[in-house]
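Please look through the sequence and the model below before reading on.

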Amino acid sequence: MNKPNAEMMELLIALRRQLEAAAHGQGGKLIADFSELHGRSKQTIWRWLGAFAGYQTQRKKRTDAGTSKLPEESLVFIAASKSLSVRANGKATKPTGVAMNIADANGLAVNIGASQINRILRSRKLDAKSQANARNHTQLRSLYPNHVHQIDPSLCLIYYVGKRQMMMTEAEFNKNKPAAIEKVKLKVWRYVRYDHASGSLDVRYYEAAGENQRSLFEFLLWTWGEQPKRLSYGIPKLLLWDKGSANTSAAIKRLLDAMGVDHQTHATHHAWVKGGVENGNRIVEMHFESRLRDQPVDCVEELNASSELWVRDYNANAIKHVDSRVQRDSGEKLIRDELWQMILRTPNALVKIPERKVCSWFLTGKDTTRQVRNGLITYVHPELEGSRTYNLSQWAEFYSQKDTVKVSPVLLAEGEIRVEIEQLGKEPLVVQIGPEKDFDEFGRMMSGTVIGDEYKSAKHTVAQQAAKDIAKAAYGDVNLDEAEALLRKNVRPFMQFNEGKGIVAHSHLGQGELPQRLLPTAKELESPELAAAMGTQLEFTRKNLPQMAKLLQGEFPDQWNSAMLDDLKKRFPDGATAQELEQVRADLRAGRSVGGKARLQAV
């Protein structure tokens with residue numbers, strides 16, 4: 001701001017006194033005269049008076065100051081309309097005038113200009129910039145090293161063509177040129193792990209077409225395993241990762257569940273939750289990958305060998321001229337390895353990752369099932385030798401004999417397994433159980449019942465409980481054994497109905513009126529095969545004269561006459577067999593009389 005000099009200050013103070021003593025309405029003339037005399041604008045003079053000469057206007061504050069003629073619902077609508085058109089990068093795409101037009105078209109009052117609305121939006125923190133910074137992020141804290149790990153894969157700028165290291169440049173590879181990136185078949189992916197308590201970093205590179213389950217699996221084995229050039233190792237209590245990694249890693253999630261690692265994804269647009277690893281990616285890119293342009297490496301194997309050495313020195317703050325300490329809210333700068341070494345205070349937090357062959361079991365992608373027999377299942381746990389027996393009897397009320405249950409191993413828990421029992425209309429029951437360990441010298445479970453010495457009734461399964469309910473319904477208040485005995489004796493069930501007379505099961509049938517239904521007249525089925533079959537069946541059955549006459553008259557109505565009837569009487573006085581009758585039909589079809597001579601036409 002342009003400030004008045006010492007001489008002007010004296011003049012301003014004198015002007016202030018004149019204004020304070022002036023009558024109402026004279027102040028404007030005093031300012032105008034002063035402005036013309038000293039060559040300064042009236043706005044500058046007013047500003048100097050207030051800022052440097054201590055002048056306070058005597059004008060009363062308007063009673064409607066801070067308010068607007070624009071209705072509240074109109075303002076909120078315009079703010080919402082504009083906010084829904086903000087890009088992910090925070091850039092607004094809908095002008096205020098457009099939002100005003102839409103509001104007006106929908107019956108909302110818009111009685112002030114766009115510039116005033118923008119001022120109001122800013123003052124009320126309803127503008128796009130204020131809303132973009134609206135979320136107040138919670139400060140997150142972890143309790144000890146290996147309490148919380150954050151993992152994030154990112155596409156690296158490095159790629160290889162044969163044995164030649166290449167770098168993606170912004171000019172050649174950007175969001176507007178996706179085809180250029182697609183030409184790189186095998187890209188280099190950077191996986192970074194960040195320990196929240198200590199800030200300890202780890203990085204590993206994998207060459208792949210895209211983010212995939214196998215690379216993530218290999219990275220977990222590497223970063224949670226003991227490495228000669230890195231201090232930190234062990235599995236965490238909680239893993240934070242993004243939705244992309246989780247969605248492509250069903251087998252990894254099963255592995256994490258088995259190891260007891262609670263894995264959580266941050267909500268969309270909430271990447272700040274794992275900001276440590278996001279910053280870790282930036283550190284790796286700036287402090288390690290920036291060196292590769294000066295000294296290229298020929299392959300991913302060399303890249304990883306070099307990154308191991310950088311991780312070693314960076315976590316230990318051992319790189320000359322580079323301060324790699326982590327600065328915390330307390331203002332202290334602390335060495336990452338020294339912070340991680342504080343795991344000595346919570347030794348139970350240091351848990352080794354199981355060996356590779358055990359972890360690889362979870363990459364099969366298959367759900368293992370077992371059939372429950374007498375409350376038991378057998379299972380080969382990847383951490384144990386041979387098949388083990390698991391007793392589910394205490395949950396018998398939730399399954400039936402020979403039901404199928406899903407089984408998955410729990411690692412680092414002395415052979416325990418997780419069993420999932422389906423329940424109709426409900427969420428599955430998930431239980432965790434260890435193998436039977438106590439056996440007698442004959443290999444029998446010590447929990448079994450000793451024959452003759454004791455009697456233990458097995459806990460009823462779902463089906464058994466249902467059978468118990470059925471028995472009560474059929475025979476009254478009896479147990480299953482009594483119900484089976486009554487059934488074997490052929491005792492009539494349901495005798496408790498109808499005052500001890502039992503239920504009516506069939507004697508009530510045939511009593512009701514049925515509706516009269518119209519049906520067409522059925523015709524006889526005719527076919528040569530059927531006729532031949534019928535002829536064969538009736539070979540020794542003779543038809544008498546009236547039967548023959550009726551049959552032939554129906555089949556040959558145009559040829560039938562009294563002479564034919566006389567011929568039949570003479571030839572077959574005792575009736576004819578089916579074969580004989582078929583010969584008569586053949587004669588008639590050939591134009592012969594029934595006796596074999598030419599038939600005379602009736603006059």
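Which residues of helix H5 (residues 96-105) are buried? They are Thr96, Ala99, Met100 and Ala103, where buried means under 20% relative accessible area, exposed over 50% and partly exposed in between, with a 1.4 Å probe and protein chains only. Seen down the axis of H5, these buried residues fall within an arc of 100°, so they line one face of the helix; the arc is that of the directions from the helix axis to the C-beta atoms. An α-helix has 3.6 residues a turn, so residues three or four places apart point the same way. The buried residues of H5 pack against helix H4 (72-83) and helix H6 (114-123), contact meaning heavy atoms within 4.5 Å, whereas Asn101 and Ala105, on the other side of H5, are exposed. Just after the helix, Gly107 takes a positive phi of about 85°.

The model is predicted, and for this reason local features need pLDDT of at least 70 and side-chain atom pairs count only at pLDDT 80 or more, while totals for chains, interfaces and linings use all residues. Residues are numbered from 1 along each chain as its sequence is written, and side-chain values use heavy atoms, with hydrogens and water left out.

Taken as a whole, the chain holds 21 helices and 14 strands, which are DSSP runs numbered from the N terminus, helices being H or I with at least four residues and strands E with at least two. Of its 603 residues, 34% count as buried. Among the contacts in the chain with a separation of 6 or more, 58% come from residues 24 or more positions apart.

S3 pairs with strand S4 (residues 201-208) in the antiparallel sense over eight bridges, two strands being taken to pair if DSSP finds at least two bridges between them. One of the bridges joins Lys187 to its partner Ala208 in S4. The two strands form a hairpin with five residues between them, and Gly199 in the turn has a positive phi of about 80°.

Ser232 is found in the loop between helix H9 (213-223) and strand S5 (238-241), and it is buried, with a relative accessible area of 1%. Not counting residues up to four places away in sequence, Ser232 touches Arg193, Ser200, Thr223 and Trp340. The C-alpha atoms of Ser232 and Ser198, which lie 34 residues apart along the chain, are separated by 9.7 Å.

Most residues other than glycine have a negative phi, and most peptide bonds are trans. His321, although not a glycine, has a positive phi of about 75°; His321 lies in the loop between helix H13 (300-315) and strand S7 (326-327) and is exposed, with a relative accessible area of 78%. Asn374, in the loop between S9 and strand S10 (376-379), has a positive phi near 55° and counts as exposed at 61% relative accessibility.

The last stop is a helix pair. The axes of helix H19 (residues 545-555) and helix H20 (residues 562-571) come within 11 Å and cross at roughly 140°, axes being lines fitted to C-alpha atoms, for helices over the stretch in contact, and angles running from 0 to 180 degrees between N-to-C directions. Leu545, Ala549 and Leu552 in H19 meet Leu565, Leu568 and Lys569 in H20.
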